[in-house]
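Subject: The structure I promised you

Hello,

Here is the structure we talked about, with the sequence alongside. Have a look at it first, and then read on for what turned up.

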Amino acid sequence: MRVVHIGKYYPPVLGGIETHLRNLAVGLRDRVDLTVLVANSGRATVHEQPEGVDLVRLGQVLQVASAPIVRGIRRELLAARPDVVHLHHPNPFATIAWLSRPIGKLVISYHGDTVRQKFLGPLFLPVLHRALRRSSAVIAATRNHVEMSPVLSGYADRSHIVPYGIDMERFESADAAEVHEIRGRYGDRIVLALGRLVYYKGFEVLIRAMSRVDGHLVIIGEGPLQRELEELVRSTGQQAKINILGAVEHIAAWYHAASVFVLPSIAKSEAFGIVQLEAMAARTPVINTSLPSGVPLVSLDGETGLTVPPGDVEALAAAISSLLDDEPLRRKFGKAGHERVRTGFTTSAMVDATIGVYEKVLRPTAQPARPASSEF
């Protein structure tokens, strides 16, 4: 089975979709004839094999509203002669490229609606609907992705629920010396957040909440709002208790050093939050928000952490403080989170279910692929 995945970017570029694509590609590499096409940060096209994955970073011509436009995508598709083209949405240019000359069965991983594209979004919407109609299957990570989406809800007949999965071994343990060094720098009450520094992550809400919390916040990530967030830290007088770092190595050590992990997202552009799984695998309790997306279905309120209303500074501060002050509850949530990832969010389960979707679209008489978890 020849399969081509098309995404926006690929690690080391940070992002939830990029992390998911890497996890899925590594899991698929020995089970299908796989090629991954993504945008390069520069204009040159580069062929690589990270972790044994055949990866092509296509030369980027320009970027429009965070969407890369690349050269050579149709050439690579024709050369690969795929049975299945697995497109990761949102990716407008790649969608248009496939529609201009369809090849193989189209499977779309629908990672979420585009919320803030008030001008370009409506222009692309007819193209997206055309691609969804032409698709043989759509994959979503939770039922909320389908039911709460004004777009995807119209294609429930071809939608398959395949929760994201991670390689638990990467996060279950960490170097004790690194953990000790991090705690030596920031103390024993570390509040950790990780992600792109963009509006829907809600980091400004978290920064304001920390003014009411006895703890030290570390935000790991890069993005267009970095200067704005750093200025907010200065204007609230919290330079001594908040650090905004860029990319870091050995991320597992940071999860293990933290007392609490926070995903303070404020818009349903945050469709899932894979970082929640990483923190849970490290037995770190999670605080998330009650978005109408998959986010609150990953870490469960009162079981693996706490859930607060999005954008609510007071509720977020109270939740953080309650966990920082209650070590037995943190241990309880951490243990339950680890077990939840082990039983429902592994790479192997995700890969098996994805291959099941491929087999169904290539053999229409086959039984539908089963969801990896009926809960979703």
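Where does Arg283 lie? Arg283 sits in the loop between H11 and strand E15 (286-289). Please keep in mind that this is a predicted model. With a relative accessible area of 43%, Arg283 is partly exposed.

His250 is another case of this kind. Its phi is positive, at about 55 degrees, although His250 is not a glycine. You will find His250 in the loop between strand E13 (242-245) and H10. As background, most residues other than glycine have a negative phi, and most peptide bonds are trans.

The bond from Pro11 to Pro12 is cis, with omega near 20 degrees. Pro12 belongs to the loop between strand E1 (2-6) and helix H1 (16-28). His89 and Pro90 are also joined by a cis peptide bond, and omega there is about 10 degrees. Pro90 is found in the loop between strand E7 (84-89) and helix H3 (92-100).

Now for the chain as a whole. Its secondary structure comes to 15 helices and 16 strands. The radius of gyration is 20 Å, close to the 21 Å that the globule rule gives for 376 residues, so the chain is as compact as a globular protein of that length. Along the principal axes, the C-alpha atoms fill a box of roughly 55 × 40 × 40 Å.

Of the 376 residues, 55% count as buried. If you take the contacts between residues at least 6 apart in sequence, 66% of them join residues at least 24 apart. The accessible surface comes to about 16100 Å², and 50% of that belongs to carbon and sulfur atoms. As for charge, the chain has 42 positive and 38 negative charges, and their mean positions are 8 Å apart.

Next, the aromatic rings. How many aromatic pairs does the structure hold? There are six.

Because Phe171 lies in helix H6 and Tyr255 in helix H10 (residues 251-257), the pair ties together parts that are 84 residues apart in sequence. Phe171 counts as buried at 3% relative accessibility, and Tyr255 is buried with a relative accessible area of 0%. One more thing to look for in the viewer is a cluster in which ring pairs link Tyr164, Phe272 and Phe345.

Gly59 lies in the loop between strand E4 (55-58) and strand E5 (60-64). Is Gly59 buried or exposed? Its relative accessible area is 0%, so Gly59 counts as buried. Leaving aside neighbours within four places in sequence, Gly59 is in contact with several residues, including Asn40, Arg43, Thr45, Ile69 and Arg71. Gly42 is also among those contacts; Gly59 and Gly42 are 17 residues apart in sequence and 6.0 Å apart in space, C-alpha to C-alpha.

Ala336 is the other one, and its place is in helix H14 (residues 327-344). At 29% relative accessibility, Ala336 counts as partly exposed. Not counting residues up to four places away in sequence, Ala336 touches Glu303 and Thr304. The C-alpha atoms of Ala336 and Ser299 are separated by 9.7 Å, and these residues are 37 apart along the chain.

Enjoy exploring!

Best wishes

How values were computed
Residues are numbered from 1 along each chain as its sequence is written. This is a predicted model: local features need pLDDT of at least 70, side-chain atom pairs count only at pLDDT 80 or more; totals for chains, interfaces and linings use all residues. Side-chain values use heavy atoms; hydrogens and water are left out. Helices (H or I, at least four residues) and strands (E, at least two) are DSSP runs, numbered from the N terminus. The radius of gyration is taken over C-alpha atoms; the globule rule is 2.2 Å times the number of residues to the power 0.38. Buried means under 20% relative accessible area, exposed over 50%, partly exposed in between (1.4 Å probe, protein chains only). Contact means heavy atoms within 4.5 Å. Accessible areas come from the Shrake-Rupley method with a 1.4 Å probe; for residues, only the protein chains shown count as cover. Lys and Arg count as positive and Asp and Glu as negative; His and the chain ends are not counted. The place of a charge is taken as NZ of Lys, CZ of Arg, CG of Asp or CD of Glu. Rings of Phe, Tyr and Trp (its six-membered ring) pair if their centres lie within 6.5 Å; planes under 30 degrees apart count as stacked, over 60 as edge-to-face and the rest as tilted.
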